[in-house]
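Q: Hi! Could you walk me through this model? I have the viewer open.

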Amino acid sequence: MSTARYRSFLAVAQQGSLSAAARALGVSQPTVSSQIATLERQSQIELFHRQGYRMSLTAAGHKLQQLAQKLLALESEAEYFLRDSGKLNQGELKIGAVGPFHVIEMVAAYRARHPGMQLSIRMGNSQQVLQDLENYSTDVAVLAGLYDRPELVAREYARHAIIVFAHVEHPFARRDQVDIAELQGQPLLLREHGSTTRLAMEKALGAAGVKPQLGLEIGSREAIREAVARGLGLGAVSEAEFIADPRFKPVRIAGDPASTTTYVYCMKERSESLLVRSFMNAIEGEAGSRSPT
């Protein structure tokens, strides 16, 4: 069966209509409509719910979406290999990430080795980034924290201590380091539940028997910075993610009891693929130079 039908299927699934899919693919709407109709007729399965011009995937359509994405990813890798004799002189690598930290240096390292390749970065929360990887929407994913799943391969990239940062008028701002016990009763601003920084801090605080004042939960790093700037409490962040600002003073926690680890993930069945291996090999030197502090 022609992969063009799967391309049309995926375009409609993503765009939500035949006309939008046709524009995205650069073909006529009747062409896309015919390819979708052929898929449904040959399989005798309804792949889309139709509501006027809008189309959404059925349960069967969702299952086919994952298979079609996998099929086209493998087709692209075969094309790279045959066209470039395994050297990846042109093509696209798609990266998923929860934030820009480390990803840009990875991109720079990859570009140095494969200047002809196009790279794209898709940002999202951890759940979205993992879902994109498992659906073959991305080739590799950069995440903070270890997700132990049999279908995934994880490579440690960097480990960083978690620090606190205070408003310059806070008593801690006169110091470079505090003991974790000194956080007892302090207003500590943390990310939402599920944040790797929060999990690491809560684990370290629990081990030390320290109970800060956790009265405010904030959903983004930027919002935490603004809350600290307004004197609402102390922020906690990976040292790699702290952005210097005259309003704040970074303060290390003695002994670095809490840390986050950045991992690069790929699907296990793609770990030896040409595209994924090219990325892992390119960042190997960068990862090796980043030992824990």
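Q: How many Å separate the centres of domain 1 and domain 2?
A: The two centres, taken over C-alpha atoms, are 48 Å apart. Domain 1 covers 1-68 and domain 2 covers 160-260; such bounds come from an automatic or database domain assignment.

Q: Before I go on, what kind of model is it, and how are the residues numbered?
A: This is a predicted model, where local features need pLDDT of at least 70 and side-chain atom pairs count only at pLDDT 80 or more, while totals for chains, interfaces and linings use all residues. Residues are numbered from 1 along each chain as its sequence is written, and side-chain values use heavy atoms, with hydrogens and water left out.

Q: OK, and what pLDDT does the protein chain average?
A: The average is 88, and 92% of the residues score at least 70. (pLDDT is the predictor's confidence in each residue, from 0 to 100.)

Q: I'm looking at β5 now. How many of its residues are buried?
A: Five of its five residues are buried, so β5 is mostly covered. Val140, Val142 and Ala144 point one way from the strand, and Ala141 and Leu143 point the other way.

Q: Which strands does β5 pair with?
A: With strand β3 (residues 91-97) the pairing is parallel over three bridges, and Gly96 stands opposite Ala141. With strand β11 (residues 259-267) the pairing is antiparallel over four bridges, and Tyr263 is the bridge partner of Leu143. Two strands count as paired if DSSP finds at least two bridges between them.

Q: Switching to β1 and β2: what do they form?
A: They form a hairpin with two residues between them, and Gly52 in the turn has a positive phi of about 65°. Strand β1 (residues 48-51) pairs with strand β2 (residues 54-57) in the antiparallel sense over four bridges, and Gln51 stands opposite Arg54.

Q: Now charges. How many salt bridges does the structure hold?
A: There are 15. Each one is a side-chain nitrogen of Lys or Arg within 4 Å of a carboxyl oxygen of Asp or Glu.

Q: Which residue does Arg198 bridge to?
A: Its partner is Glu202, with the closest N and O atoms 2.9 Å apart. Both lie in helix α7 (residues 196-208), four residues apart, about one turn of the helix. Arg198 counts as buried because its relative accessibility is 9%, whereas Glu202 is partly exposed at 29%.

Q: And what does Arg247 meet?
A: Arg247 meets Asp245 in a salt bridge at 3.0 Å, N to O. Salt bridges that share partners join Arg225, Glu226, Asp245 and Arg247 into one network. Asp245 counts as buried because its relative accessibility is 17%.

Q: Last one: which residues form the nonpolar patch on the surface?
A: Ile104, Ile121 and Met123, with about 270 Å² of accessible area together. Patch members have over 30% relative accessible area and no salt bridge; like charges are joined within 9 Å, and nonpolar side chains (Val, Leu, Ile, Met, Phe, Trp, Tyr) within 5 Å. Areas come from the Shrake-Rupley method with a 1.4 Å probe, and for residues only the protein chains shown count as cover. Ile121 lies in strand β4 (residues 117-123) and is partly exposed, at 35% relative accessible area.

Definitions and conventions
Buried means under 20% relative accessible area, exposed over 50%, partly exposed in between (1.4 Å probe, protein chains only).
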